[in-house]
Each structure stands twice: as C-alpha cells, then as structure tokens.
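Okay, thanks for coming, everyone.

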Amino acid sequence: MAALAATGMAGAVKDPVVQMRGFHGLRPSGSIPLGRSLRARPLMPSLSSPGVTRAISSPVKTDSSEVKRSKVEIFKEQSNFLRYPLNEELLTDSPNINEAATQLIKFHGSYQQTNRDERGRRSYQFMLRTKNPCGKVSNKLYLAMDKLADEFGIGTLRLTTRQTFQLHGILKKNLKTVMSTIIRNMGSTLGACGDLNRNVLAPAAPYTTKEYTFAQETAENIASLLTPLSGAYYDLWVDGEKIMSAEPPEVVQARNDNSHGTNFPDSPEPIYGTQFLPRKFKIAVTVPRDNSVDILTNDIGVVVVSDSDGEPQGFNIYVGGGMGRAHRVETTFPRLGQPLGYVPKEDILYAVKAIVVTQREHGRRDDRKYSRMKYLVNEWGIDKFRSVVEQYYGKKFETFRELPEWEFNSYLGWHEQGDGAMFCGLHVDNGRIGGTMKKTLREIIEKYNLNVRLTPNQNIILCDIDHSWKEPITTSLAQAGLLDPRYVDPLSITAMACPALPLCPLAITEAERGIPNILKRVRAIFDKVGINNDESVVIRVTGCPNGCARPYMAELGFVGDGPNSYQIWLGGSPNQTTLAKCFMNKVKIQDLEKVLEPLFYNWKVKRLESEPFGVFSTRTGFDKLQEIVDKWEGIKE
C-alpha cells in the first residue's frame with residue numbers, strides 16, 4: 001500500500017480553476033525558493049472529472065504525475081479556507097446543508113446528523129463538539145454549555161473520550177446562536193472535527209507539581225500552534241469578530257519559523273495550506289506512568305522527561321498510533337504508537353510541527369481509509385519516517401529515554417491538588433450528563449464558582465475546592481446519584497462506549513444505549529463463575545469499527561458488525577499498552593453468555609496470580625480459547 005504524496009507538480013501549475021506556484025520539497029536548513037500562496041476561488045469543479053493534485057495543497061514535489069484525490073480534498077481546495085459553500089448553505093431555509101458544506105462544517109466543530117430512530121422524513125440536526133485542551137473548562141463555559149443543552153439541544157451534555165463536550169440536537173437555524181455563545185464564553189469548537197489536529201489530551205488531574213503543570217502547558221501550546229488561523233471560523237459564527245486570548249511568544253515563533261521549508265509563506269494557513277491534513281490528527285501529552293490519556297493510540301504521543309529533582313528537561317515522542325479500521329478490509333487496522341525519539345523541552349513545538357508537516361506532505365489523499373498517519377509510519381517504517389521528519393525539524397532526534405511502566409489513573413474521588421485546594425473526580429456513565437445529575441452539578445459548580453476538567457474516560461473533575469466545602473458537596477453529589485467510586489461497580493469505572501445510535505450516521509448497532517445491559521450481564525457471569533465483586537476487566541463498546549471509544553485497547557472489546565451483532569476483541573491490558581485482537585465475528589447480543597461464560601470461568605480457574613483477563617487471553621491463545629467456547633457445556637458441579 002503505497003503512501004502517496006498529496007502534493008502538486010514542480011513549478012507553475014495550471015488548471016481550470018486557479019494557477020499557482022509552489023515551493024520545492026524537502027530542503028536542508030537555509031534559504032528555500034518559495035512561491036506565493038493564493039486563495040482558491042469559490043467555484044466547485046465537476047466531481048466526475050479526475051482530480052489533479054495542485055501546488056496549493058502543500059509544498060510541491062519534483063515529479064509531475066497526476067495523483068487521484070478524494071472528493072473531500074477538492075471540497076477543501078475550493079472552500080476559500082473553510083468558508084465556501086458553508087457560508088451560503090447556512091443562509092438557506094433548508095434544515096440541512098449540502099455535501100460539501102457537510103464536510104467543511106466538521107472543521108468548525110460540527111457534524112450533520114439525523115435521528116435514525118425516526119422513520120419517514122429525515123429530521124436533520126447537528127452535533128457540536130468543543131475544543132478543550134487538557135479537558136480544561138472554565139466555570140463560565142460550563143454554565144454556558146449546560147444552559148445551551150437545555151435551550152437548543154436535547155437536554156444533556158455528552159463528555160467525550162477526548163476531553164470535550166458534545167451537544168446533540170442543534171437545529172440549523174440555531175447553529176450561529178449556539179456557536180457564538182460558546183465563543184463569547186471563552187470556548188471554541190474550531191478544529192474539534194475535520195482533517196486537522198483535534199483536541200490535545202493531557203492528564204485531567206489539576207495537580208500542581210512541575211511535571212503535571214508542564215505537561216498541561218505543553219498540550220495547550222501544541223493546541224494553539226495547530227489551530228487554524230484563516231479567520232473563517234470567526235467570519236461565520238461571530239461576523240468576523242475575533243475573540244481569542246494572546247498566544248505565548250514561543251508558539252508564534254515556532255509557527256512562523258520556516259527554516260526548513262515547513263510553511264506556506266503569505267498564506268492565511270501557514271502550516272495547513274488550503275488542503276489541511278489528509279485526515280484527522282490526534283495528539284496527547286502526559287507524564288511518566290500516567291496513561292489516563294491512552295498515549296499509544298495517538299498520532300503523536302508526548303511524554304515529559306524530568307531530571308532527578310522533578311524538573312522537566314525534554315520529551316519522549318511516540319508516533320503512528322490510531323484506532324480506526326474498516327470491516328472486511330484487512331489492510332486497515334488499529335495500531336500502537338512507537339518510539340520516535342527524544343527532544344529537549346525548547347524544541348517540542350518544532351518537532352511536533354515537523355511530524356505534522358511530514359503527514360501533510362506524504363499522507364495519502366486518494367483513499368481516506370488509508371489517510372491516517374499510522375499507515376504512513378507502517379508503510380515507511382520508523383527509521384525512514386524519522387529521517388524525513390528530521391529534515392523538517394532540522395536536527396537529529398536523540399535516543400528515546402527509558403520510562404517506567406504505564407498505569408491507568410481514573411482520578412475519581414477526593415484528592416489534594418497540592419496548592420491547598422482539593423479536587424473531586426466523578427464517574428459519569430458513558431459521559432452522559434442529564435436529569436438530576438445535570439441539575440445538581442450546575443448548582444454545585446455555580447454556587448462554589450468551580451472550574452472543571454473533563455477526562456479521557458468520559459468523566460468529570462470538580463477543581464479548586466476548599467476543604468470546608470467537601471462535606472456539603474459530597475452530600476449533594478450522593479443525593480444526585482454521583483457516588484463515591486467505592487460504591488460504583490468496578491466494571492463501570494473503566495468501561496466506555498461511543499454514542500452510536502440513534503444519531504451517529506456510521507453506527508451499525510448500539511453502544512451507549514447497549515453497554516449498561518452488557519455490563520450487568522458480565523457482572524452476572526462473574527457472580528455465576530465465582531469472580532469477586534471487586535474484580536474487573538476493561539470493557540469498551542463501539543457501534544462501528546471506527547473505534548471512537550478505543551475498543552481495540554480493551555481487555556474485552558465489542559465492535560458493532562451488524563444489527564444487534566458485535567465482533568469480540570480480546571487481549572488488551574488494564575494499563576492500555578497492548579493491542580487487542582479480533583477473537584470472534586458476528587456474535588449476536590443475545591448469545592454473549594455462550595461466549596463470555598466459558599472465557600471468564602477459565603480465567604477464574606486457570607489464571608496466574610493477579611493475572612488480568614487480557615493478559616490471560618493472550619497467554620492462553622485464541623485457538624485454545626475458541627476450543628473452550630466450542631466445547632463449553634456449562635459449569636460442572
């Protein structure tokens with residue numbers, strides 16, 4: 001599977017729409033001849049004619065071959081930096097928007113959806129997703145989101161696996177009101193979806209140690225570096241008014257640096273150009289041991305490296321992780337990130353930018369199934385990938401530093417922040433905040449003027465709590481069903497599910513609505529085979545193979561492959577460092593006990609001391625496990 005370069009032809013490029021000059025590929029540091037980038041005219045070419053790769057997409061290569069491009073690449077090219085035809089479609093009386101606008105609005109943080117439970121005429125609505133680096137949400141923004149959910153949404157807030165909010169059920173006529181309200185309350189949806197860097201993860205715990213604060217600052221700086229700049233977002237949603245905070249000077253310097261041919265000079269988008277990235281791009285930052293962010297599932301994983309005094313010195317970098325795949329297409333697959341190297345702390349923004357540009361230049365743009373960076377790393381191998389990144393970085397990566405074993409941290413319950421205040425992590429089933437829980441959370445957050453953090457496990461953390469407030473807050477939370485984690489089933493603590501039906505257009509079967517019953521049935525099997533109530537396995541459920549809830553890292557993953565039917569994935573580890581593998585296909589929901597009872601019984605009686613279920617599954621081997629399932633006749637007295 002060749003990794004095709006999504007770039008144009010050397011020199012001047014002519015086509016029916018626009019004529020541009022590009023600049024020549026990879027060069028060593030120093031002066032590079034550059035052409036002027038121009039905006040494409042807002043004219044839609046015929047989609048039936050073969051796409052020609054144009055120099056406006058990215059720095060050009062030296063060959064002049066034509067490369068097939070996906071339809072989305074043409075939409076981006078002709079959008080005038082994410083404006084057209086979305087700007088026109090938003091003004092029509094229709095409840096929906098056209099195909100091109102549907103792709104472009106993703107970059108603005110929204111997906112067009114329909115309620116698939118309803119038959120007959122389609123009821124169009126929009127999902128909005130926020131951008132919250134590190135999961136940080138101010139008091140003001142939380143209260144605004146809570147109110148918007150009631151006034152314009154379906155009355156619930158959905159916490160995502162990437163530390164953001166989702167609002168469902170927004171009508172097209174209300175989009176601008178909702179978007180502008182989020183922006184004016186110091187929030188954003190820009191880049192929460194689309195072919196660009198998504199929300200940057202970091203440990204949500206508001207610890208004040210040097211490592212944690214440095215990791216979170218770095219995540220925020222990376223998010224700022226890779227945020228679109230053209231102004232289309234503000235043009236569409238707040239009539240061109242820019243409401244944004246000042247950027248750190250190191251971010252501005254890293255973005256503007258073009259010493260190694262990374263940028264489009266004079267372009268509204270110096271890093272992204274008109275074509276942005278081939279597909280979504282995901283980054284996480286963390287500290288050693290803390291794998292609350294599923295570090296190996298990201299395109300880039302960044303880990304703080306400190307000296308013996310706890311002073312951050314630099315970063316280890318992983319590359320090439322990603323979850324999405326397609327059923328019955330074996331050339332698509334989930335993949336773990338692998339070590340790229342180490343960089344000093346002052347170089348992290350330049351290194352991240354070099355990796356992003358490598359994907360921008362060489363990631364496939366012809367077939368979106370293969371456009372994630374994991375396929376580029378897999379095709380090239382890590383040594384070639386590192387070599388190309390180093391040309392954009394301008395330096396050699398240092399040797400990857402040794403790290404301790406990873407651990408999963410939920411941060412549920414009460415903890416000291418380290419500055420005299422406390423934080424309280426609350427478990428939220430599948431990240432869905434509604435009803436009495438929503439009302440109580442709003443009252444507490446408003447009364448005590450609390451900021452919050454969202455976790456990558458779809459939970460919420462109340463921050464900056466005075467010790468004297470702990471007792472009344474605990475009482476209020478308990479009355480709303482937000483229990484101390486000691487009273488929550490351990491299966492629920494680590495379980496995750498994507499929203500799936502009825503609103504996700506990609507869903508094949510249930511996930512969020514189905515997981516409560518799945519967990520209940522797994523607990524019943526545990527009881528039947530004699531597994532203790534305090535024991536657990538990591539269970540994740542998705543309604544399709546795209547993997548939004550990261551099921552391929554679970555000890556027991558359910559991936560929808562038909563109506564009321566799932567693939568069963570086994571072999572992940574509790575600390576999210578091992579990739580699961582597909583064990584069975586087309587398992588009907590009503591037949592789960594036939595598969596899980598023999599597996600859990602054998603785990604119970606044949607496991608090594610303290611051996612997790614995922615590790616047991618791998619050690620035993622799938623052939624043996626299949627034999628156990630096939631020959632199962634029930635528990636013998």
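This is a predicted model: local features need pLDDT of at least 70, side-chain atom pairs count only at pLDDT 80 or more; totals for chains, interfaces and linings use all residues.

**A look at the strands**

Residues are numbered from 1 along each chain as its sequence is written, and side-chain values use heavy atoms, with hydrogens and water left out.

Quick word on terms. Helices (H or I, at least four residues) and strands (E, at least two) are DSSP runs, numbered from the N terminus. Two strands pair if DSSP finds at least two bridges between them.

So, back to that pair. Strand E12, residues 413-416, runs antiparallel to E13, and four bridges link the two. Five residues lie between the strands of this hairpin, and there Gly418 takes a positive phi near 110°. E13 also pairs with strand E16, residues 460-465, again antiparallel and with four bridges. In that pairing, Leu426 faces Ile460 of E16.

How many of the residues of E13 are buried? Five of the five, residues 422-426, so this strand is largely enclosed by the rest of the structure. Buried here means under 20% relative accessible area, with exposed over 50% and partly exposed in between, using a 1.4 Å probe and protein chains only. Met422, Cys424 and Leu426 cover one side, Phe423 and Gly425 the other, and all are buried.

Now over to the open sheet. Its five strands come in the order E3-E4-E7-E6-E14, with antiparallel pairing. The edges are E3 (110-114) and E14 (432-433), each pairing on one side only. E3 and E4 (residues 124-129) are joined by five bridges, and Gln113 has Gln125 in E4 as its bridge partner.

Helix H5, residues 175-184, lies across E3, E4 and E7 (165-170), at about 10° to E4. That angle is between N-to-C directions, on a scale from 0 to 180 degrees, with axes fitted to C-alpha atoms, for helices over the stretch in contact. Contact means heavy atoms within 4.5 Å.

Last stop: Ala284, in strand E8, residues 283-286. Ala284 counts as buried because its relative accessibility is 0%. Leaving aside neighbours within four places in sequence, Ala284 has contacts including Leu201, Val293 and Ile300. Ala284 and Ile300 are 16 residues apart in sequence, and 6.6 Å apart from C-alpha to C-alpha.
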